[in-house]
Amino acid sequence: MKLIILPLVGLVIISHAIAKPAPNLQRQLDEWASDESGGIAAAWVDRDGTAFFQAGQDDAAGSRPITADTQFEIGSITKVFTALLLAESERLGKVNRNDPAAKYLLSADDPDLPALAKITLLALATHTSGLPRLPVNLRIDAHNAADPYAAYDRAALVAALRIHGPKATIGEKVEYSNFGASVLGEALAGAWGASYADALKESVLVPLGLKATTLGMTGTPAPDELAPGHAGENRVPNWTWLACAPAGALRSSTRDMAVFLAACLGGDSQPMHRALVATMQPQHAMPDTGGKIALGWLIAGGKDKPVYWHNGATAGSHAFIGFDPRSGKGVVLLANIQKGMEGFGFSLLGLPSPKPATGVANARDFVGNYSFTPTFSISVTTKGGVVFAQATAQPQFALRSISADRFAVTGVPAEISFERDVDGKVSAVVLHQNGWDQRALRSVEGKE
């Protein structure tokens, strides 16, 4: 529970002030981490400096307190860095965003190239490629559930692209896809003639000065400062990655993420300024959030106060990063606890949590309580035709209809589908997240 305040060199030319975070930020962190097995770290960045906050220990045993240098899995925030690699690659003339991804994944005489040409680097970076959330040949079962992406290699990814790509419908809508982000990263690696890990390190991480931000590649030893993950009271293994690394493999600390926020908020003297600005240009409406999507970044708020953000999760971690370039404020929250923090992050930036643009006519069908374990359940409610889900000890999230009885979770890389009994009444729910499908029966009907 230690507060450290440092001047933020480069964010402003001259400043004798200190950062001005929310006055109750430490109390909120303490409350968020209370009774949890892990902990949480925060970095607040503004025009006057940087402030670091922490709460909790890295494990229930209390072996190490959380610090600004504790490293966490940041999950899908990795996609922001993969999109930044795209922008930098384009700036340097390595690629054009409208190039087919297959150009860099297949040989020039491959017979599948024409059918895959429609899937561009830009479509992948904006989740408009039409590729599904996960590839069909990524099989997650009892044998690999603890580390689901560890053995999924480039050959499997390309094989899946050959299966899904010809049938993909490009540009019709934004559909969040870990598969698509993985294809993007591997295609960029092909353009560089290097591995994704090497291309990202040399072209993004090193130029930004991120010394404690690394990829959790399969077979690579974990950093000493990496916190173990927790799901509820259970300690879970940290994930490792091969071809899906561009979708979620990064690990980082709040000290490093504060440096990244400074670059995002700074002017043209900041490293990678042109590429960073390129990632912030709005591309499409984002129905899941009622906002927009840029390259990697999601955008909330109106034209007068755009906030760029992303979240991330693995089986044992949760992360949030967001910033308001007009006010010069940004925040990052990293935890080794699988517990939602999006509402927390948005409140610090002065915005409500994202909500979908529309509701559904049969919203009442889904209302109820769904118990996965004796200590974890999801409560589904509705208001004004919008369906909301709230998991145990987590904030409430709105749901956006994808198809009959299937919804995307607003602001979270997850989906929820409902099952009906022979009479057509909703009887169970399946949570699709992090490559897992978890089922729970409906136990108590709720009220609108």
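Student: How do you know that strand E2 and E3 are joined, and which way do they run?

Tutor: Keep in mind that this is a predicted model. Two strands count as paired with at least two bridges between them, and E2 (residues 39-46) and E3 have 8 bridges, so they qualify. They run antiparallel. One of the bridges has Gly 39 facing its partner in E3, Gly 56. With 2 residues between the strands, E2 and E3 form a hairpin.

Student: What makes strand E3 mostly covered?

Tutor: Buried means under 20% relative accessible area, and 7 of the 8 residues in E3 (residues 49-56) are buried.

Student: Why is the pair of Tyr 308 and Phe 323 called stacked?

Tutor: Rings pair if their centres lie within 6.5 Å, and planes under 30 degrees apart count as stacked. Here the centres are 5.4 Å apart and the planes are at 20°, so the pair is stacked. By this rule the model has 14 aromatic pairs.

Student: What does the Tyr 308 and Phe 323 pair tie together?

Tutor: Tyr 308 lies in strand E12 (residues 307-314) and Phe 323 in strand E13 (residues 317-324), so the pair links parts that are 15 residues apart in sequence. Tyr 308 and Phe 323 are both buried. They also belong to one aromatic cluster with Phe 81, Phe 260 and Trp 297.

Student: How do you know that the charged end of Arg 255 sits over the ring of Phe 52?

Tutor: For Arg, CZ has to be within 6 Å of the ring centre and within 35 degrees of the ring normal. The charged end of Arg 255 is 5.2 Å from the centre of the Phe 52 ring, and it counts as sitting over that ring. Lys 339 does likewise with Trp 32, at 4.7 Å from the ring centre.

Student: How much space lies in the largest pocket, and which residues are closest to its centre?

Tutor: About 910 Å³. Of its 35 lining residues, Ala 231, Gly 232, Gln 338, Phe 376 and Gln 394 are the closest to the centre. E17 gives the largest share of the lining, 3 residues.

Student: What makes up the lining of the largest pocket by class?

Tutor: That lining divides into 18 nonpolar, 13 polar and 4 charged residues.

Terms used
Residues numbered from 1 in each chain as written. Predicted model: local features only at pLDDT ≥ 70, side-chain atom pairs only at ≥ 80, totals over all residues. Heavy atoms only, no water. Buried < 20%, exposed > 50% of the residue type's maximum accessible area, 1.4 Å probe, protein only. Helix = DSSP H or I, 4+ residues; strand = E, 2+ residues; numbered from the N terminus. Phe/Tyr/Trp six-rings, centres within 6.5 Å; stacked < 30°, edge-to-face > 60°. 1 Å grid on protein atoms, 1.4 Å probe; cavity = no way out; pocket = protein on both sides within 12 Å on 5 of 7 lines; lining within 4 Å. Points joined across faces, edges and corners; volume = space filled by probe spheres on them. Nonpolar A, V, L, I, M, F, W, Y, C, P; charged D, E, K, R; others polar.
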